[in-house]
Amino acid sequence: MAASLGPAGGGGAGAAHGSGPSGFAFDSGLEIKTRSVEQTLLPLVSQITTLINHKDNTKKSDKTLQAIQRVGQAVNLAVGRFVKVGEAIADENWDLKEEIKIACIEAKQAGETIAALTDVSSLNRPESDGQITIFTDKTGVIKAARLLLSSVTRVLLLADRVVIKQIIRSRNKVLATMERLEKVNSFQEFVQIFSQFGNEMVEFAHLTGDRQNDLKDEKKKAKMAAARSVLEKCTMMLLTASKTCLRHPNCESAHKNKEGVFDRMKVALDKVIEIVTECKPNGENDISSISIFTGIKEFKMNIETLRENLYFQSKETLSAMLEALLERTEDFTDCAYTSHEHRERILELSAQARTELQQLISVWIQAQSRKTKSIAEELELTILKISHNLNELKKELHSTAAQLAADLLKYHADHVVLKALKLTGVEGNLEGLAEYACKLSEQKERLVETCRLLRHVSGTEPLEITCLHAEETFQVTGQQIISAAETLTLHPSSKIAKENLDVFCEAWESQISDMSILLREINDVFEGRRGEKYGYLSLPKPMKNSANLRSLKADKPDSEEQAKIAKLGLKLGLLTSDANCEIEKWEDQENEMVLSGRNMSSMAYSLYLFTRGEGPLKTYQDLIHQLEVFAEEGLKLASSVQAFSKQLKDDDKLMLLLEINKFVPLCHQLQTIIKTPLQNQVFLKVDKCITKARSMMAVLVQLLSLCYKLLKKVR
C-alpha cells in the first residue's frame, strides 16, 4: 500500500509547489537561493515517497542502501539551505518573524530525522543490529516527511505575504511620486522627481517581473504581462508628454495628452495589485464569458454529458446557452467589414444549430422515457450532428476574423496616416490635421473591432487577454496620437512636441507589429500547432534580469575572447552529437522527454556555433537569452523524466531519480550564474555559463540513455 505524504494540515507536495510563492525579491541573491532550494527540495520529496514504498521483504543490496543514504543526506542538505533563507526572510520581517522561525525549526528537525532514518549504508554489517532505520520505523519517516512538507509550505506561504506587501509598498511609492509629477510646474523640479520616479519604476518592474515568472496560472500571467507592458511603454510617454506640457503650459491638447498617460498608468498599477492580491473589483466581467470559442467548448461539453446522464441539466439551460453563444456571432455579422459570403454562411450555420438543438431536445425527451438501443443511437447521432455544425461555425468565424486582420495589417503596413500626421504637424497645417486625424480614428475603430473578433476565436485564455490588451492599446493610443499631433500643429517649431508625437507613433507601430504575431499564434492554436502551455511571443515579456542584460556587451566577442571560448565549445559540440544519437534510438519521436532533449541539443549546438563565431547567436546578450531558455528546457525535461519514473519498479525508479537529482541542481546553478550581477566580468560569466551548459549536456546524454533502456523494460 502506497504511503501518503500529505501534511497534517491538508496540503501535500502540491500545496507547497502549487501555492505560487517562490520568488523573494529582498535582494537578487536571496530570491535566487529561495527559488533554487524550493525547486531542489520538491523532487527529493518524490524520492522519499519511493523510499517509503520500497518493498520491505526484498534483499537490500549495498548499492540500494547507498542510494537510500544519499537521498536522505540530499534532503537534509536541501532543508538546511532552505532554512537559512527562511531565517534571513524572518530577520527582515519582524511581523512574521516568530511564525517563520517556528516553521524553520520544524523543517530542520524533519530533515535531520530523515537523514538519521536513512543512514543505512552499514545495515548489512553485524554491528548494525538494533539500529532504527527506514526499514524498522517507516512510520517515523512518514511523520517526518509530513512535518517537512507542512513546515516548508508554511514558510513559502508566509514569504509570499512578504512579497505581496513589497509589491504594494512599491506601487504606493510609484503612485505618490506620480502625484508629485502631475503637479510639478518647473522643468528643473520635474527632472529631479522623474529621476526618483524612474528608480521606483525599475524596482516595481523587478518585483512584478519575478512575480509574473512565478505565477502558475497562465491567465494571471498574461494579465500581469499586459499590465507591465503598459507601464513600461507609458514611462517614456509620461516623460515626453510632461515635458511638452511644461514647454507649452497653456496648450489644452498637451494637457489632454499628458492626462491620458497618467490615467492609463494608474489603471495598470491597480491591475497589478488586483492580480497579486487576487482581489477582483465588483462587477468585473471574466473575459472568457464573452468568447465564442469558449462558449462553443462549454456547450459541447454539456451536450456530451447526455451520453452518461440524461438528467444532468434542463432543456431550457441548453437552449439559453446556445442563444447566448449565437448572439455573440452578431459581432461578426454586424461588422461592416465582414464579406457578404462570410456573413451569409455564419447566419446559415447559426440557424442550422438552432434546428439541430431542437432535434436533439426531441430525441432527448424520448430517451428519458424509452431506454432502447435505437433511441440511444439516435441520441448519439444528433449529438454528433450538432457538434459537427458548431465545428463548422468555428471554422467560419476563424476564417472571417483571420482574413479581416490579415487584410488590415497588409493595408496599414506602411503607416501612411502616421507619416502624414507628422508632416501636417511640422507644417502647422490645421486642415490637414483634421483630415488625417479623422482617417486615424477610422483606422483605430477598425483595428479595435478586428481585435474584438480575434478575441472570440483566439482559442486560449492568454491569447484572449492579449487581444483585449491590443484592443485597449489601439483605443487609447489612437486618441493620444491625435492630441500629440494637435499640439505639434499648434507649435510646429517645437522639438519636444515633435519628439512626443514620435513616441506615441512608435507605440502604435509596435502594437501593429505585435498584432501580426498575435494573428499567427491564433492561427497556430486553431490548426493545432500550439498548445496553451506554450509561451506566446505576442504576450509582453517580463524584463528578465534587465540590469544584467543592459550591462552585457552588445558587440561580438573580440579575437582573444573568441579563441578562449572556442576551446570551451569543442566538448559541447561533441556532447550535442552524443545527445542526437541517443534521441535517434527512440521509436516515439513525439515523447515529451525526446522533444525536450531535442530542444536542448539544438540550443546547445547554437551555443557551440557561438564559440566558433558562427550561427544565429551574435552577441553576449543573445547568448545569455539562449542560456535562460536552455535552463528552463532542462527543468521541463526533468519534470517529464520524473513523471516517467512513476511507471517504474522501486530499484529502477530510485536509480532514475538519483540521475534527475544530478541534473536539476545544474539547471538551477546555470540560472543562478545568469542572474548574478556582472561587475564588469562579462567573459568570466560567459565562461561559467558555457561550462555549466556542458555539464548539463553530459548528464542529459546519460539521462536519455537510461530512460530509453528503462522504457524498453516497462514495455
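In which helix is glutamine 480 found? I located glutamine 480 in helix α16, residues 461-490; helices here are DSSP runs of H or I with at least four residues, numbered from the N terminus.

I noted that this is a predicted model, in which local features need pLDDT of at least 70, side-chain atom pairs count only at pLDDT 80 or more, and totals for chains, interfaces and linings use all residues. Residues are numbered from 1 along each chain as its sequence is written, and side-chain values use heavy atoms, with hydrogens and water left out.

**Glutamine 480.** I then looked up its burial. Glutamine 480 counts as buried because its relative accessibility is 6% (buried is under 20% relative accessible area, exposed over 50%, partly exposed in between, with a 1.4 Å probe and protein chains only). Leaving aside neighbours within four places in sequence, I found glutamine 480 in contact (heavy atoms within 4.5 Å) with Met237, Asn257, Gly260, Val261 and Phe504.

**Methionine 696.** I placed methionine 696 in helix α23, residues 682-714. Methionine 696 is buried, with a relative accessible area of 0%. Beyond neighbours within four places in sequence, its contacts are Met600, Phe630, Ala631, Phe663, Leu666, Cys667 and Leu670. I also recorded alanine 604, which lies 92 residues from methionine 696 in sequence and 9.8 Å away in space, C-alpha to C-alpha.

**Glutamate 330.** I found glutamate 330 in helix α11, residues 330-333. Glutamate 330 counts as partly exposed because its relative accessibility is 40%.

Technical notes. Helices (H or I, at least four residues) and strands (E, at least two) are DSSP runs, numbered from the N terminus.
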